[in-house]
Amino acid sequence: MFVLIKNADVFAPEPLGISSILISHDKIAWLGKDFPAEKTLPDLEIIDAAGKIMIPGIVDGHVHVTGGGGEGGFATRTPELALSDMIKGGVTTVIGLLGTDDVTRSAGALIAKTNAIRAEGMSAWAMTGSYQLPVKSLCGGVRDDIALIEPFIGVGEVALSDHRSSQPTFEEFMRLAAAARVGGMLSGKAGVVNVHLGDAPSGLDYLFRAAKTEIPPSQFIPTHMNRNPELFKEACRYGAMGGYVDLTTSTTPQFLDEGEVECGRALSELLAAGVPARRISFSSDGQGSMPFFDEAGDFAGLTIGRVTSIFETFRSTVKNYDILFEDAVRVVSTTAADHCKLSGKGHIKEGCDADLILMDAGSLELDTLFARGRKMMSGGRPLVKGTFEQ
């Protein structure tokens, strides 16, 4: 019933120094230096975390939990997210969404998978909609879906500047944003619009235009902002004027060779440009297909995104770039949780959910993972598998 984690170097994300944490059921019940009831509290498990760093569980704001893909035919539809991948990647919370395929994937299936992830012990929310406009809603409209269906916190990913987009007009795009905003206001949710940015020269045109309207930049989560140098330059300008920037961690050597901006370098440059870490996030694009096309725009092959990439990128960023550790923690956990209004997530403090990572202070390798107070990993080995995992 109770777990006391002692002597961890805690980043909550702000640095708290060597501290102890008491977990009760699924919550952080106490946080401090010396727990006064260590010798008297019954059924107390004690974990000595000396030599380890503790951070909040990772919040991955862009995961194709039901699978993505399909751009190369039915055999290229990617599989659903597995619980073990979340554990191995330190991810305790996901936000699920559809992408290109809203024909063989559906909002109903997305809700079912979101609830399945919750039933297996993790935390999950979802976005209504897909690349395409108009949105195939469940309750008659985006505003209704967000207001009436509990897991839905926004809409997306809506594709812009991409040949797979439905090529909406600016007015159609803004009506969608307004509907999402009102749906969020009615239900106390974020009501955000997740915007997929492709490689087309139009780039962030719609979002720069939107910044001149009454809809604030905080309503949008533009993602894949590091996919090419030109788009990343626009991302730096957009972030400096108050916009939100989401960087994708799943990549390939070919994508990097073709100009994709590596996430650590992108984060370093954004911070240097004055964009605060509270407006920058990493997300994995987990289970999404990463297709590549030839010069004629024809499908030439694909690989798959992994939620494990977000922790791998966090480690490499901390090791290879001069970035404050607490800023790196914000980018993989706190920013997405706060921006999407996920109560109890992304912070280590009393009353928050007990989503916690312990990593080796030297190697930064994952050692222990708690999700909603349940130990999912110990000694670097997952302790739990999904319902149908062997």
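**Salt bridges, cysteines and backbone**

Author: The side chains of R164 and D162 form a salt bridge, with N and O 2.9 Å apart. The model is a predicted one.

Reader: Is D162, the partner of R164 in that salt bridge, buried or exposed?

Author: Buried means under 20% relative accessible area. R164, at 14%, is buried. D162 has a relative accessibility of 7%, so D162 too falls under the cut-off and counts as buried.

Reader: How many salt bridges are there?

Author: A pair counts when a side-chain nitrogen of Lys or Arg is within 4 Å of a carboxyl oxygen of Asp or Glu. The pair R164 and D162, at 2.9 Å, is one of them. By this rule the count is 14.

Reader: How many residues apart in sequence are the parts that E150 and R118 tie together?

Author: E150 and R118 meet through their side chains in a salt bridge, N to O 2.7 Å. E150 is in the loop between α3 (142-148) and β9 (152-160), while R118 belongs to helix α2 (residues 107-119). The pair therefore ties together parts whose separation in sequence is 32 residues.

Reader: Are E150 and R118 buried, partly exposed or exposed?

Author: Partly exposed covers the range between buried, under 20%, and exposed, over 50%. E150 has a relative accessibility of 43%. R118 has a relative accessible area of 21%. Hence E150 is partly exposed, and R118 is also partly exposed.

Reader: By about how much of the helix are E269 and R265 separated?

Author: E269 and R265 form a salt bridge in which the closest N and O atoms are 2.9 Å apart. Both residues are in helix α8 (residues 263-272), four residues apart. Their separation is therefore about one helical turn.

Reader: What is the relative accessible area of R265?

Author: E269 is partly exposed at 33%. R265 is partly exposed as well, and its relative accessible area is 37%.

Reader: Are C263 and C352 buried or exposed?

Author: C263 has a relative accessibility of 5%. For C352 the relative accessible area is 6%. With the cut-off for buried at under 20%, C263 is buried, and C352 is likewise buried.

Reader: Which residues form the nonpolar patch on the surface?

Author: One member, L186, lies in helix α4 (residues 170-187) and is exposed, with a relative accessible area of 63%. The patch has about 320 Å² of accessible area in total. Its residues are V182, M185 and L186.

Reader: Which residues are in contact with D285, leaving aside neighbours within four places in sequence?

Author: D285 carries the annotation "active site" in an unreviewed UniProt entry. The residue is in the loop between β13 (280-283) and β14 (289-293), and at 8% relative accessibility it is buried. Its contacts are H62, H64, H224, T248 and G305.

Reader: What is omega for the cis peptide bond from L133 to P134?

Author: A cis peptide bond also joins A12 and P13, with omega about 10°, and P13 lies in the loop between β1 (2-11) and β2 (15-24). P134 is in the loop between β8 (123-128) and α3. For the bond from L133 to P134, omega is near 0°.

Reader: What is the phi of Q167?

Author: S161 is in the loop between β9 and α4, is buried at 11%, and has a positive phi of about 55° without being a glycine. Q167 is also in the loop between β9 and α4 but is exposed, at 52%. Q167 is not a glycine, and its phi is positive, about 55°.

Notes
Residues are numbered from 1 along each chain as its sequence is written. This is a predicted model: local features need pLDDT of at least 70, side-chain atom pairs count only at pLDDT 80 or more; totals for chains, interfaces and linings use all residues. Side-chain values use heavy atoms; hydrogens and water are left out. Buried means under 20% relative accessible area, exposed over 50%, partly exposed in between (1.4 Å probe, protein chains only). Patches are made of residues with over 30% relative accessible area and no salt bridge: like charges are joined within 9 Å, nonpolar side chains (Val, Leu, Ile, Met, Phe, Trp, Tyr) within 5 Å. Accessible areas come from the Shrake-Rupley method with a 1.4 Å probe; for residues, only the protein chains shown count as cover. Helices (H or I, at least four residues) and strands (E, at least two) are DSSP runs, numbered from the N terminus. UniProt positions are given in the numbering used here, feature names are shortened, and annotations may be inferred rather than shown by experiment. Contact means heavy atoms within 4.5 Å.
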